[in-house]
Amino acid sequence: MRFGIDLGGTKIELAAIEDSGAIRWRRRVPTPRGDYEATLRAMAALVAEAEAELGARASVGVATPGSLSPRTGRLRNSNSVCLNGRPLGEDLAALLDRPVRLANDANCLALSEARDGAAAGAGTVFAAILGTGTGAGIAVDGTILSGANGIAGEWGHNPLPWPGPGETPGPSCWCGLQGCIETFLSGPGWLAREQAAGLDYASPEAMVAAAARGDANGEAALDRYADRLARALAQVINLLDPDVIVLGGGLGRITALYERVPARWARWIFSDRVITRLVPPRHGDSSGVRGAAWLWAPGEWPG
C-alpha cells in the first residue's frame with residue numbers, strides 16, 4: 001500500500017492505494033490559504049489519520065503545484081506562492097519521519113493515466129491540467145519525463161501560437177510575461193477574455209451551460225476556447241508527437257472539447273494525418289493522488 005497526496009490550492013486530498021490500483025481510503029481537507037506551516041501540518045495530519053485507521057505505515061508521494069528546482073531542491077513556479085522557495089519535501093519528510101517524493105501535479109496526472117488510465121499502454125502521454133492555472137506533464141513508457149531543467153511540460157507559459165486579432169501582445173501573466181497560454185486557457189483567463197470582449201458571464205461554468213442551452217454568445221465563447229486549445233495542442237503535437245493527450249482539470253470536463261478540438265487542430269499540425277487521441281482522464285479527480293502514490297514503485301519503499 002502507498003499514500004498519494006494531492007496538494008491543491010483549495011483542497012488537500014490523501015488516498016491510500018493498493019498495489020492493484022484500488023483505493024482503500026481517501027479524505028479531503030481544505031488547504032490552509034497562504035500558510036506554509038499549516039499546510040505541512042494538514043498533510044501530516046492526513047497521513048496520521050490514514051495510518052491510524054488502516055493500521056499500517058506507507059510510502060508517501062505528493063503531487064504539487066509548481067516544480068522542484070534541480071539547483072536548490074525547493075519548490076518554484078507554484079501559483080500557491082507560499083510554497084515557492086520552500087523545502088517542502090524535506091520539511092514533510094521530517095514531520096513524517098520517512099522519505100517523501102514530490103512531483104508536479106500535471107506529471108502525476110500523466111503518470112496515473114499512463115499507468116492504468118485512459119492512456120494505459122501508450123508510449124508518449126501529454127497530460128494537460130486546465131483549471132485555475134494551465135500546466136502539463138509528460139510520461140514516456142510509463143515514466144515521468146522531468147527534463148534537464150525539471151520543467152518538461154511547462155506548456156502554459158509559452159505564448160499562444162498563431163495568434164489572431166486581439167490576441168497580441170496578450171494579457172499579462174503572473175509569471176511576468178505576456179500572452180502566455182495560461183492567460184487564455186485557464187478558467188480565470190478564459191472568463192477574463194470573454195468579459196473583456198463584452199460578454200456578461202459570471203464563471204466558466206456559466207459559459208458552458210449557456211452553450212449547452214444553445215445560447216449564441218455561450219456557443220461563440222466555447223468555440224473561441226476550442227480554437228485556442230486546438231492551436232496550443234497542435235504545437236505540442238508538432239514538438240512531441242504524443243500518442244495520447246489527456247485533459248484534466250475542471251475545464252477538461254467540457255465534453256464538447258473532445259470533438260471540437262481534434263476537428264480543428266490538423267490545420268496547424270505538420271503531418272498528412274493525425275492519430276493522436278484526445279481523451280478525458282479515466283480516473284478523473286483521483287488522477288493526482290494516484291500519480292503521487294505511483295511515485296513509489298511496488299516494493300521500493302524501505303518501510
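Modeller: Gladly. Keep in mind that this model is predicted. Start with Asn 104, which caps the N-terminal end of H3.

Colleague: What makes Asn 104 a cap of H3?

Modeller: Look at the atoms. A side-chain oxygen of Asn 104 lies 2.8 Å from the backbone nitrogen of Ala 106. A polar contact needs a pair of N or O atoms within 3.5 Å, so this pair passes.

Colleague: How do you know that the span of H3 agrees with its number of residues?

Modeller: Helix H3 covers residues 105-116, which is 12 residues. At 1.5 Å a residue, they should span 16 Å. The end C-alpha atoms are 17 Å apart, which agrees.

Colleague: Why is H3 called largely enclosed?

Modeller: Nine of its 12 residues are buried, so the rest of the structure largely encloses H3. Among the buried ones are Cys 108, Leu 109 and Leu 111. Buried means under 20% relative accessible area.

Colleague: What makes E10 and E12 edge strands?

Modeller: Take the sheet first. It is open, with five strands in the order E10-E9-E8-E11-E12, and the pairing is mixed. Strand E10 (143-144) and strand E12 (277-279) each pair on one side only, and that makes them the edges.

Colleague: How do you know that E9 and E10 pair?

Modeller: Count the bridges. Pairing takes at least two bridges, and E9 and E10 have two, so they pair. The sense is antiparallel. Val 140 stands opposite Thr 143 in E10.

Colleague: Which helices pack on the sheet?

Modeller: H3 does, touching E8, E9, E10 and E11. The direction of H3 makes about 40 degrees with that of E9. Helix H8 (residues 257-265) also packs there, touching E11 and E12.

Colleague: Which residues touch the most other members of the largest nonpolar core?

Modeller: Trp 155, Leu 229, Leu 233 and Trp 265, out of 39 residues. H7 gives the most to this core, with 11 residues.

Colleague: Why is Arg 28 called partly exposed?

Modeller: Its relative accessibility is 43%. Buried is under 20% and exposed is over 50%, so Arg 28 falls in between.

Colleague: What joins the side chains of Arg 28 and Glu 13?

Modeller: A polar contact of 3.1 Å. Arg 28 itself lies in strand E3 (residues 23-30).

Terms used: Residues numbered from 1 in each chain as written. Predicted model: local features only at pLDDT ≥ 70, side-chain atom pairs only at ≥ 80, totals over all residues. Heavy atoms only, no water. Helix = DSSP H or I, 4+ residues; strand = E, 2+ residues; numbered from the N terminus. Expected span 1.5 Å × (residues − 1). Buried < 20%, exposed > 50% of the residue type's maximum accessible area, 1.4 Å probe, protein only. Polar contact = N/O pair within 3.5 Å; in protein donor to acceptor, adjacent residues only side chain to side chain. Contact = heavy atoms within 4.5 Å. Axes fitted to C-alpha atoms, helices over the stretch in contact; angles between N-to-C directions. Core = buried A, V, L, I, M, F, W, Y, C linked by side-chain atoms within 4.5 Å.
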